[in-house]
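Please examine the sequence and the structure shown here. The briefing that follows treats the whole protein and then selected residues.

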Amino acid sequence: MAAFIPFKLSLLLSLLSNIGFLPETSKNDVGIFPPTCNRIECPSFDLIEVGNGYEIRRYNSTIWVTTSPIQDISLVEATRTGFLQLFDYIQGKNKYKQQIEMTAPVITEVLPSDGPFCESSFRISFYLPKVNQANPPPAEGLHIQKWKSTYLAVRQFSGFVTDYNVGVEAAALEASLADTVWSPAIKKSQKEETTSVYLVAQYNSPFEFSGRVNEIWMLADLEDELLPV
């Protein structure tokens with residue numbers, strides 16, 4: 001356990017720091033396996049398709065620990081608030097007083113607002129390691145969520161996550177899917193909302209200045225027998 005403490009703290013600092021000023025520019029890639037997942041546990045997935053600016057993945061059933069909705073104008077600030085709750089949780093602030101190993105990614109679910117100065121709603125989630133999934137420790141103010149097998153459209157980008165670049169990358173993912181066979185499933189999952197629902201996945205500690213991988217996720221409402229052909 002002690003070997004994981006520096007990494008846990010570094011990821012905490014990543015989310016608590018003012019990352020907007022850091023110098024690495026954002027660029028888009030597809031098909032890059034996050035290097036963090038060679039060191040710590042990440043949810044497994046099957047790669048269904050690699051398209052122009054997007055991937056389609058099928059994630060196996062997963063269990064996440066999730067905050068209640070956080071209202072904020074800033075994704076970075078909301079993620080900071082939510083991750084503090086989740087960090088306390090994995091350090092033993094749960095009903096079983098159980099310490100839990102760090103995983104990746106930490107995801108932020110985003111429901112964009114109607115304007116640049118309106119608050120949005122965010123939920124921050126931590127992927128629960130397989131060893132803890134049979135009996136997830138409950139905790140006040142946090143919720144255990146079980147995802148069934150889930151299809152996601154994914155766009156990767158490098159650099160440090162900022163309030164500006166997540167909006168740009170989410171719009172780019174939506175545009176890249178616009179005339180594909182996957183577009184109806186994405187729109188169905190958004191339940192005909194006029195604004196896109198998406199998630200931001202963050203994998204890296206702040207001390208990794210190269211090979212950084214972040215992702216925009218959009219849910220696709222698909223069943224295996226209804227896959228586009």
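Of the 229 residues of this protein, 51% count as buried. The model is a predicted one. Its exposed surface comes to about 11,300 Å², and carbon and sulfur atoms supply 56% of that area.

**Overall organisation**

- The secondary structure consists of four helices and 11 strands.
- When contacts between residues at least 6 apart in sequence are considered, 77% of them join residues at least 24 apart.

**The disulfide**

- The protein has one disulfide, and this bond joins cysteine 37 to cysteine 42.
- The two sulfur atoms of cysteine 37 and cysteine 42 are 2.0 Å apart in the model; because the cut-off for a disulfide is 2.5 Å, the pair qualifies.
- The link between cysteine 37 and cysteine 42 is left-handed, with an angle of -90° about the S-S bond.
- Cysteine 37 has a relative accessibility of 17% and therefore counts as buried, since the term applies to values under 20%.
- Cysteine 42 also counts as buried, because its relative accessibility is 16%.

**Proline 129**

- Proline 129 is located in a loop, which runs between strand β7 (120-127) and strand β8 (142-147).
- Is proline 129 buried or exposed? With a relative accessibility of 3%, proline 129 counts as buried.
- Which residues does proline 129 touch, once its neighbours within four places in sequence are left aside? They are Glu41, Ile100, Glu101 and Thr103.

**Threonine 150**

- Threonine 150 belongs to strand β9, which covers residues 150-157.
- The relative accessible area of threonine 150 is 11%, so this residue is buried.
- A polar atom in the side chain of threonine 150 lies 2.5 Å from the backbone oxygen of lysine 148.
- Apart from neighbours within four places in sequence, threonine 150 is in contact with Arg57, Arg58, Tyr59 and Leu219.

- Proline 129 is a buried residue at 3% relative accessibility, and its place is in a loop.
- Threonine 150 is a buried residue at 11%, and its place is in a strand.
- Cysteine 37 and cysteine 42 are joined by a disulfide, and each of them counts as buried, at 17% for cysteine 37 and 16% for cysteine 42.

Conventions
Residues numbered from 1 in each chain as written. Predicted model: local features only at pLDDT ≥ 70, side-chain atom pairs only at ≥ 80, totals over all residues. Heavy atoms only, no water. Helix = DSSP H or I, 4+ residues; strand = E, 2+ residues; numbered from the N terminus. Buried < 20%, exposed > 50% of the residue type's maximum accessible area, 1.4 Å probe, protein only. Contact = heavy atoms within 4.5 Å. Areas by Shrake-Rupley, 256 points an atom, 1.4 Å probe, with all protein chains shown as cover. Polar contact = N/O pair within 3.5 Å; in protein donor to acceptor, adjacent residues only side chain to side chain.
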